[in-house]
Amino acid sequence: MLGLQRETSSMYKRTSSRDYSPMVDVEDSSGVLENEVNNEMETTNPSWKCSLPHVLVATISSFLFGYHLGVVNEPLESISSDLGFSGDTLAEGLVVSVCLGGAFIGSLFSGGVADGFGRRRAFQLCALPMILGAFVSGVSNSLAVMLLGRFLVGTGMGLGPPVAALYVTEVSPAFVRGTYGSFIQIATCLGLMAALFIGIPVHNITGWWRVCFWLSTIPAALLALGMFLCAESPQWLFKQGKIAEAEAEFERLLGGSHVKTAMAELYKLDLDKTDEPDVVSLSELLYGRHSRVVFIGSTLFALQQLSGINAVFYFSSTVFKSAGVPSDLGNIFVGVSNLLGSVIAMVLMDKVGRKLLLLWSFIGMAVAMALQVGATSSYLPHFPALCLSVGGTLAFVLTFALGAGPVPGLLLPEIFPSRIRAKAMAFCMSVHWVINFFVGLLFLRLLEQLGPRLLYSMFSTFCLMAVMFVKRNVIETKGKTLQEIEISLLAKP
């Protein structure tokens, strides 16, 4: 099979852009191109091995995202002591959360950067503030310098995830796109766990927290350098009018025998949108013909955060401490649950589909949060209540990682038309960061004023709302090419 594939690829002669260009009347061109697609359709899928290295390099950005989310958790006490703000909870909170402000800024610009400079250059621009910010944080001798470094890192964190979702979606063959999309969540989990393990010596080695920051410059440099060897998104090249380059990248990613089919689909899609302007404005995203898919994407990200996932991550240490489990061991349990759920999602994504995973994930999260509510009952003995609380926490994280965690970042680039894909992802990620910020800001206050029973009941209700929203609004994209998805959405009123 491999020999046959190499033979086919070597016999392939790249067709020039003129061979694809529509030379017939507009009313007949769609049918001609459609026939070409049918005639050229391969009976076998393209090799997944061609695109895998490019996807793996791109997911380094997700590893960095997870790492920087968790890098200050263990060392925070040492950082505050060395920099002179020990006991100042506001300053400690700023060190943790200033990344969110930077991430919001980065996400706002991610669409323009990805469309203006290309996906590969966007990754490299994402790595630069992460390298600079990690270095500044590591050498800081005051709170102000530390906050500057964390803010710089945050801008890279905000830029990276939308571009990673775009890139992985656009370079992956349709039959493994769900599996490759799950790599993003797995890489984020591995980054979080790496930050935890690297931070363990911080209480025994003076100044180890500086090393924790400096080590992150290594994967960031690998991302920037690795992107010189990776393929550019063929969809982006086609939008720029670089037809020959798009053909070459399709050949690298899919194999030579699949290039004609992929290019013909792009041309057919382009013919359906000749009357649309090149510039994508905010008003078009909110009120234009594609406003419905933007609404679906924004709502999915909002419900993801309103489910309480970040509150659960924040409160898990307290839950485990009350059960007599050390916080570092509890964090490991949470990390393993997150990773296990992500691996299961990777296996199932291209078998059962995105929509089913989302539905069962949110149902499982609602049940897990109900267990947390039950644990607060005064009628339960202490030990069963603790078991329910710990079990509910781990079940919540596991079911989140099965669908609500990885699916939105994969599904949205699939359903967004290519012309608005980068800008729409940037808008939806901005919504994600805003909701994330307010949940983190208000959680402890609401927990104090409303109590855990009512607050966790609210989170469970949001999960059930998400189930109804997904069932009514989300389409299945498993096994479809991006062009097939876009054409089917354009056909809907």
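**Reading surface and cover in a predicted model**

Author: Helix 23 contributes seven residues, the largest share of the nonpolar patch. The model is predicted, with local features needing pLDDT of at least 70 and side-chain atom pairs pLDDT 80 or more, while totals for chains, interfaces and linings use all residues. Residues are numbered from 1 along each chain as its sequence is written, and side-chain values use heavy atoms, without hydrogens and water.

Reader: Which residues form the nonpolar patch?

Author: A patch takes residues with over 30% relative accessible area and no salt bridge, nonpolar side chains being joined within 5 Å and like charges within 9 Å. A salt bridge is a Lys or Arg side-chain nitrogen within 4 Å of an Asp or Glu carboxyl oxygen. Here the members are Val434, Phe437, Phe438, Leu441, Leu442, Leu446, Leu450, Leu454 and Met458, together about 710 Å² of accessible area (Shrake-Rupley, 1.4 Å probe).

Reader: Why does Leu446 count as partly exposed?

Author: Buried means under 20% relative accessible area, exposed over 50%, and partly exposed in between. Leu446, in helix 23, counts as partly exposed because its relative accessibility is 31%. Val211, in helix 11 (residues 208-215), is also partly exposed, at 25%.

Reader: How many residues of helix 5 are buried?

Author: Nine of the eleven in helix 5 (residues 60-70) are buried, among them Leu64, Phe65 and Tyr67.

Notes. Helix = DSSP H or I, 4+ residues; strand = E, 2+ residues; numbered from the N terminus. Buried < 20%, exposed > 50% of the residue type's maximum accessible area, 1.4 Å probe, protein only.
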